[in-house]
Amino acid sequence: MASQQDLIAEYETTGTLSALPLGHFIDGVFSQPSHNRTMESFDPGKGAAFARFTAGTSEDVDAAVVSSRKAFETVWRDKAPVERARILTKTAELILANLDLLAVVESLDSGKPLQEALGDVRGAARTFEYYAGACDKLQGDSFPLAGDYIGYSIHEPVGVTAHIIPWNFPISTAARGFAPALAAGCTVVAKPAEQTPFTALLLAKILSDAGLPDGVCNVVTGTGVDTGAPLTQHPGVDHITFTGSVQTGKAVMKAAADDVTRVVLELGGKSPVVVLADCDKEQALNGIMGAIFENAGQICSAGSRLVIEKSIHVEFVSALVKRTKALKIGHGLSQPELGPVNSAEHLEKIAGFIDRAKDRGAKIAVGGNVTTDPATGKGWFFEPTIVDAVPAKDELSQEEIFGPVLTVQVADDADHALELANDCQYGLVAGIYTSNFAKAHQLARKIDAGQIYINEYFAGGIEVPFGGNKKSGFGREKGIEGLKSYCKTKSIAAKIS
Ligand code: NAI
Ligand code: MG
């Protein structure tokens, strides 16, 4: 198997990678699409196309759903849980055996630093390992009825599940949806983002190599309009897991309403990191740098608002600025501290936020400009940026920018910090830095968010349920809770006399 170095050398010499698949993955093979249309995928670090992939249609979506329906009814729904577990365990092993390929492809296609892509791929393997262990523990309940009755429940798989995947965490989001769905006995039709189609296809092939029967996991590539929308409207789909923007999330929810299809929505965020004066400053500085600059801030759960107690504001922000200025920017494959953003359109959107803020007289403490890879003068980069002392109602405190831009909000005290933290349409996650145990947990209870990190941003793993409140969506992924989305409880009561 080609090593990281071989793959990078191949890309440098040929401008592409020979291991990239073409076609949809339907019925266990890379299949011919209904029309021979392809589109380009870009390397954001160079701002140039590096490969083509299939631009699917509603006919391809239909073929995938039909295949998944058949596989659900004939081979997967009733497969012994232990056998499902063995396939998922093998999948985790094969993901790790293909670590270098998956990580290089992920880095190239999304722009993210290679070391982060390696972490994502290891995380995907861990997700399959975790849910492999859950397959044979989906126990029902029994109910205390009168002596001549018996009552119990079973968890049935919901059926064919659609997974609409964004470009910021392509393999992680795919794994986070596929693994619990498959563990529960559901089949999968996935539609990766058109900016990052490749790792979902590679993952489907790995599942097949691990022994997953044909049709249990299908992947169709193409645009949101041509393939995402038909998938969410398809009457053969029983459940939709969507991760992406609020706007598209609403469209998905409306499409789902027509057939009363189940949905889980993981949408945007504008997550606060509350830093109180009594915190461990070093710990908080490290946490915030990762919270906003990892994946160039393109994380739904990024810590994009620093809510800082007034007494340490000036000193803390100047320490952050110093660290931010030192960040090494570069192409994802060069393992920089900050990579490019995913597309030219997205770069323009980020720059628009900052240009408008400058017009309003915002205090840009560091950064604030579009830039390029210093090594090549190419690529879609935005300088790591901190905007200081932003009012609560400002667009920078309210809207998701999804880039390397930290908004600083100054709080008088812990109560004011809580008020600022909750003054937002989103409620995905929140961070808290304080050495006061009681205060940390009081805040954790009062902040309106689906997940709270105390003294380490992004603490926790696949074991911990994840999902949003307010406009960040609803439903939970990860953890045992994440399995419930893919199950429907059936209660059975019988008279036995
Ligand atoms: P998007 O929500 O439009 O795209 C996400 C996925 O939905 C992609 O696979 C896309 O092809 C698909 N899609 C698009 N239109 C669809 C439709 N009508 N029906 C079904 N599927 C459809 O997000 P986009 O345009 O890539 O990014 C826009 C903004 O969304 C970003 O700037 C960011 O603020 C936010 N975003 C949030 C993410 C998160 O993790 N919560 C991930 C990606 C984007
Ligand atoms: Mg790409």
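Helices (H or I, at least four residues) and strands (E, at least two) are DSSP runs, numbered from the N terminus. By this assignment the secondary structure of the chain comes to 16 helices and 24 strands. The radius of gyration of the chain is 23 Å, close to the 23 Å that the globule rule gives for 497 residues, so the chain is as compact as a globular protein of that length. Here the radius is taken over C-alpha atoms, and the globule rule is 2.2 Å times the number of residues to the power 0.38.

This is a predicted model, in which local features need pLDDT of at least 70, side-chain atom pairs count only at pLDDT 80 or more, and totals for chains, interfaces and linings use all residues. Residues are numbered from 1 along each chain as its sequence is written, chains are lettered from A and ligands numbered from 1 in the order in which they are written, and side-chain values use heavy atoms, with hydrogens and water left out.

## The chain as a whole

Along its principal axes the C-alpha trace spans about 75 × 65 × 40 Å. Of the 497 residues, 58% count as buried; buried means under 20% relative accessible area, exposed over 50%, and partly exposed in between (1.4 Å probe, protein chains only). Among contacts between residues at least 6 apart in sequence, 73% join residues at least 24 apart, where contact means heavy atoms within 4.5 Å.

The chain exposes about 19,400 Å², and carbon and sulfur atoms supply 52% of this area. Accessible areas come from the Shrake-Rupley method with a 1.4 Å probe; for residues, only the protein chains shown count as cover. There are 46 positive and 59 negative side chains, and the centres of the two sets lie 3 Å apart. Lys and Arg count as positive and Asp and Glu as negative, while His and the chain ends are not counted. The place of a charge is taken as NZ of Lys, CZ of Arg, CG of Asp or CD of Glu.

Asp 109 lies in helix 4 (residues 99–110) and Gln 195 in the loop between strand 8 (187–191) and helix 7 (198–209), so the pair ties together parts that are 86 residues apart in sequence. Asp 109 is buried, at 2% relative accessibility, whereas Gln 195 is partly exposed, with a relative accessible area of 25%.

## Selected residues

Gln 4 is placed in helix 1 (residues 4–14) and is buried, with a relative accessible area of 15%. Not counting residues up to four places away in sequence, Gln 4 touches Asp 100, Val 104, Leu 114, Leu 118 and Gln 335.

Asn 422 is found in helix 14 (residues 414–422) and counts as partly exposed, at 25% relative accessibility. Leaving aside neighbours within four places in sequence, Asn 422 is in contact with Lys 446, Ile 447, Asp 448 and Lys 470.

Asp 394 lies in the loop between strand 17 (385–388) and helix 13 (395–398). At 15% relative accessibility, Asp 394 counts as buried.

C-alpha separations for these residues are listed below.

| Pair | Separation in sequence | C-alpha separation |
|---|---|---|
| Gln 4 and Val 104 | 100 residues | 6.8 Å |
| Asn 422 and Lys 446 | 24 residues | 8.7 Å |
| Asp 394 and Leu 267 | 127 residues | 21 Å |

## Positive phi angles

Asp 27 is not a glycine, yet has a positive phi of about 60 degrees. Asp 27 is found in the loop between strand 1 (24–26) and strand 2 (29–31), and is partly exposed, with a relative accessible area of 42%.

Val 260, also not a glycine, has a positive phi of about 50 degrees. Val 260 lies in the loop between helix 9 (246–258) and strand 11 (262–266), and counts as exposed at 72% relative accessibility.
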